[in-house]
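The sequence and structure come first.

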Amino acid sequence: MKQVLPILAVMLLSASAAMTLAADDNCLTCHQSFEDETAGPSHIIVRDVHYQRGISCADCHGGSATLEDMEEVRREKSYRGVPGALDVPLFCARCHSDAAYMHEHNPGLPVDQLEKYKTSVHGHLLLEKKDPHVATCTSCHGVHDIGSAKLPHSKTYPLNIPQTCGTCHADEAHMAPYGIPTDQVEAYAQSVHGQALLERKDLGAPACNDCHGNHGAAPPGVASLSAVCGTCHALEADLFVSSPHKAAFEANDYPMCETCHSNHRIVRPLDAWIGTAEPALCVNCHGDADGTRGFETARGISKAIADLAAAHGQAETALEEAVTKGMMTTDEEFRLKEVDQNLIQTRTLVHAFNMDSVSGKAEEGLQKARQVQQNSARLVDEYYFRRKGLGLATLGITILVVGLYLMIKRLG
């Protein structure tokens, strides 16, 4: 309820501001008389961040909001009307590239969006090749209901980003002239990133713009993938950079992460990906007689991970039995969590492609797993020992009570 009240307050204030401004703005007064009440620009503009900060229709489109005759408005020197697709970036940049103006309205916003846009694939096609079909500011941000990326209605809200990009990139007819596939959104939705964002509503999960950029959007190249993926997966990126695969991938023009993990359809990695038999990915490049240690290393790493995973499972089963018996297992539960961490770290060290690093961390986890298994088995044995002792004690007490009863009866 505490979270809802501020939102309701903002909505009421926006509605109040809309009625006040509409009364003084002939643009709104006129357009509201014939536009759809649910989707018309003059009605949805109450949600627009510019409108909420006091920027009127005339501030963007020019003319004068005090005039009632549209012909008079068009004759105004400042009148700009509706910009064409090729003009949109410069149209928006009139304010958004003006540091002094932006400081008065939102000093936290950068003023280099246009310069970044010029470096993007979209910008090159629009500004250099005059292609009116590529994405501009309004394609991603909307027009009359532009909102902060923190607001759920905004097209740039994290949960809405895939749909926003997919408006063009999932449209086969739209993308056909560019020869770009249109399955990215579908593939992303099935990936670990997409499931985290779209299903679990994890706003920290990466969306399209986290990998491709925002205003300077571009597909990551072979050389930049390490920087893109390494933004979140820093440890894995560092391990790979120091591995023998870095030079080999560069020599063959292989992308660093995408070669094994794909790009949009990134799924949770499996232990079976490492090894010397299908479905191991190592066999795509390495063979038993390829003149490298790759096959031997893959076999060793696969065995180390498999042994640790098996030991972890056995330790977990033994501990569960001790827990169900009601024994004090706090120490072993903490130790098993350490084994969990060892297993995670061992799997991460795969990116170093170094057998010594992997086997060292795996052996550390194996020793702890064996300790958990042995101590849990000892606790289970203690349980049965106590149970047996309790049974014998109960039997002895029962015999004593019966004996006392018979003695008392005889004396009576």
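The text below covers conventions, helix packing, individual residues and backbone geometry, in that order.

**Conventions**

The model is predicted, with local features requiring pLDDT of at least 70, side-chain atom pairs counted only at pLDDT 80 or more, and totals for chains, interfaces and linings taken over all residues. Residue numbers start from 1 along each chain as its sequence is written, and side-chain values use heavy atoms, with hydrogens and water left out. Helices are DSSP runs of H or I with at least four residues, and they are numbered from the N terminus.

**Helix packing**

Helix α22 covers residues 330–348 and helix α23 covers residues 355–411; their axes come within 9 Å and cross at roughly 160 degrees. That angle makes α22 roughly antiparallel to α23 (angles over 145 degrees count as roughly antiparallel, under 35 as roughly parallel, 65 to 115 as roughly perpendicular and the rest as oblique). Axes here are lines fitted to C-alpha atoms, for helices over the stretch in contact, and angles run from 0 to 180 degrees between N-to-C directions. The crossing of α22 and α23 is left-handed, a term for a near helix turned anticlockwise from the far one by less than a right angle, with clockwise giving right-handed.

On the α22 side, the residues that meet α23 include Glu332, Arg335, Leu336 and Glu338. Their counterparts in α23 include Val358, Lys361, Ala362 and Glu364. Contact means heavy atoms within 4.5 Å. By class, the contact of α22 with α23 has six nonpolar, seven polar and six charged residues. In this classification Ala, Val, Leu, Ile, Met, Phe, Trp, Tyr, Cys and Pro are nonpolar, Asp, Glu, Lys and Arg are charged, and the others, Gly among them, are polar.

Helix α23 also packs with α21: the two axes come within 8 Å and cross at roughly 20 degrees. That makes α21 roughly parallel to α23. The residues of the contact of α21 with α23 divide into 16 nonpolar, seven polar and two charged. The crossing of α21 and α23 is left-handed.

Which class does serine 191 fall into, buried or exposed? Serine 191 counts as buried because its relative accessibility is 1% (buried means under 20% relative accessible area, exposed over 50% and partly exposed in between, with a 1.4 Å probe and protein chains only). Serine 191 sits in the loop between α14 (184–190) and α15 (192–199). Leaving aside residues up to four places away in sequence, serine 191 touches His264, Arg265 and Ile266.

Serine 243 is in the loop between α18 (234–241) and α19 (244–251), and with 6% relative accessibility it counts as buried. Not counting residues up to four places away in sequence, serine 243 touches His351, Ala352 and Phe353. Asparagine 354 is 111 residues from serine 243 in sequence, with a C-alpha to C-alpha separation of 7.5 Å.

Glutamine 113 belongs to helix α9 (residues 113–119) and counts as buried at 13% relative accessibility.

**Backbone geometry and loops**

Glutamate 278 and proline 279 are joined by a cis peptide bond, with omega about 10 degrees. Proline 279 lies in the loop between α20 (258–261) and α21 (294–324).

Serine 262 is in the loop between α20 and α21. Its phi is positive, about 70 degrees, although serine 262 is not a glycine. Serine 262 is partly exposed, at 33% relative accessible area.

Lysine 130, a residue other than glycine, also has a positive phi, near 55 degrees. Lysine 130 is placed in the loop between α10 (121–128) and α11 (137–141) and is exposed, with a relative accessible area of 51%.

Proline 219 lies in the loop between α16 (208–212) and α17 (225–230) and counts as exposed at 56% relative accessibility. Not counting residues up to four places away in sequence, proline 219 touches Val121 and His212.

Key
Helix = DSSP H or I, 4+ residues; strand = E, 2+ residues; numbered from the N terminus.
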